[in-house]
Amino acid sequence: MSEQAEAFLSVRDLRIHFDTDDGLVKSVDGVSFDVRAGKTLGIVGESGSGKSVTSLGVMGLHRTARAKISGEVWLDGEELIAADPDRVRTLRGRKMAMIFQDPLSAMHPYYTVGSQITEAYRTHHKVDKKTARTRAIEMLDRVGIPQPDRRVDDYPHQFSGGMRQRAMIAMALVNNPELLIADEPTTALDVTVQAQILDLIRDLQKEFGSAVVIITHDLGVVAELADDLLVMYAGRCVERGPAEKVFSSPQHPYTWGLLGSMPRIDRAQTERLIPVKGSPPSLINVPPGCAFNPRCPYADLPKGGITRSERPELRLVPGTDDGRPHHSACHLPPEERMRIWTEEIAPKL
Ligand SMILES: Nc1ncnc2c1ncn2[C@@H]1O[C@H](COP(=O)(O)OP(=O)(O)OP(=O)(O)O)[C@@H](O)[C@H]1O
Ligand code: SF4
Ligand SMILES: [Mg+2]
């Protein structure tokens, strides 16, 4: 059976472009990936690379006239991009749920936290209010809200930022979704709560075999949790593969940059991290050819006759046709990439 047929979520050539007064913003420009039940995909990339737009696209949350969406999103065998919005709404919350990067966007200011979680539960379960309230209190407890039986009646504004984020996580998890997309689920939280939340996601996955997508800047988070990794740059996927392969033998200069800027526990405090030089391109004027070109230290190396204006496609890394393929989109010959990684980059990390 093909990987796509086995996947619970299968995204194919997803493009999400926004028509704005300044021009067409190509936020997501041909992204494909699969997530199997019980597995976790980590999506990493700098700010503005299209991570949130991708996940909102999967959830069917870009229904504005200005968003031009194409491609396919298959959820458990059902295609969602062309599906009826009502059908996608039904699936959202029951079969798939999202932990939003901005908790305020997910919680309504006029209703208590408890009533919103209760409502989310009752929409998909035929239970009375009391049972749903008990479930809401249990979820608030599981995400680490102190005195959940009292705080359940608070309004979102009575919660601190970190508590609001936890309440939103409780709401996303209340129906044991089979697909959970967690967009920067731990950024606003302190280290102890971060660990609790990640444990909670892991528990959900273990108990219900959920497929999980975790979006993060923090490669440390995905190093522990992800089975597979997808590295995004300027709305495209530049590298994709099993997490252990991407960490041990990364195949794209941008991924090398991300790894170099990753804080490590064993790194001396005084040692400076090496940030990726320069800043990401405008998604209205994406550089032709490889979008990473203006920032890439290897852009001028010979590429066997390939010109700069040619866009690198994702290609299989040689030797990874073992059922766990590793792909990268870089014109450097594979042996040259391996040499640079082993001789120049890895020793410095
Ligand atoms: N509704 C919209 N209209 C126009 N442009 C948009 C819209 N939503 C997002 N964008 C643009 O799409 C690009 C990708 O945004 P996105 O929020 O996906 O980035 P991100 O990778 O999630 O970044 P961060 O790590 O900061 O959350 C950005 O340039 C953003 O300005
Ligand atoms: S294709 Fe060229 S510019 Fe792009 S990452 Fe590879 S070496 Fe750098
Ligand atoms: Mg984002």
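These questions and answers concern the strand pairing in a predicted model.

Visitor: What makes β9 and β10 count as paired strands?

Guide: Two strands pair if there are at least two bridges between them. Six bridges join β9 (228-233) to β10 (236-242), and the two run antiparallel, so under that cut-off β9 and β10 are paired. Met 232 stands opposite Cys 237 in β10. The two strands form a hairpin with two residues between them, and Ala 234 in the turn has a positive phi of about 50°.

Visitor: Why are β11 and β12 called paired?

Guide: The cut-off is at least two bridges, and two bridges join β11 to β12 (residues 327-328), so the pair qualifies. The strands run antiparallel, with His 327 in β12 as the bridge partner of Leu 316. β12 also pairs with β10 in the antiparallel sense, over two bridges; there Arg 240 stands opposite His 327.

Visitor: Which strands stand at the edges, and why is one side of each without a neighbour?

Guide: The open sheet of eight strands has the order β6-β7-β8-β3-β9-β10-β12-β11, with mixed pairing. β6 (96-99) and β11 (315-316) stand at the edges; each has a single partner strand, so one side of each has no neighbour in the sheet.

Visitor: Why is β10 called largely enclosed?

Guide: A residue is buried if 20 or more other C-beta atoms lie within 10 Å of its own. Six of the seven residues of β10 are buried, so the strand is largely enclosed by the rest of the structure.

Visitor: Which helix lies across β10?

Guide: Helix α12 (residues 253-260) lies across β3, β9 and β10, running at about 105° to β9.

Technical notes. Residues numbered from 1 in each chain as written. Chains lettered and ligands numbered in written order. Predicted model: local features only at pLDDT ≥ 70, side-chain atom pairs only at ≥ 80, totals over all residues. Helix = DSSP H or I, 4+ residues; strand = E, 2+ residues; numbered from the N terminus. Contact = placed C-beta atoms within 7 Å. Axes fitted to C-alpha atoms, helices over the stretch in contact; angles between N-to-C directions. Buried ≥ 20, exposed ≤ 12 C-beta atoms within 10 Å, placed from the backbone.
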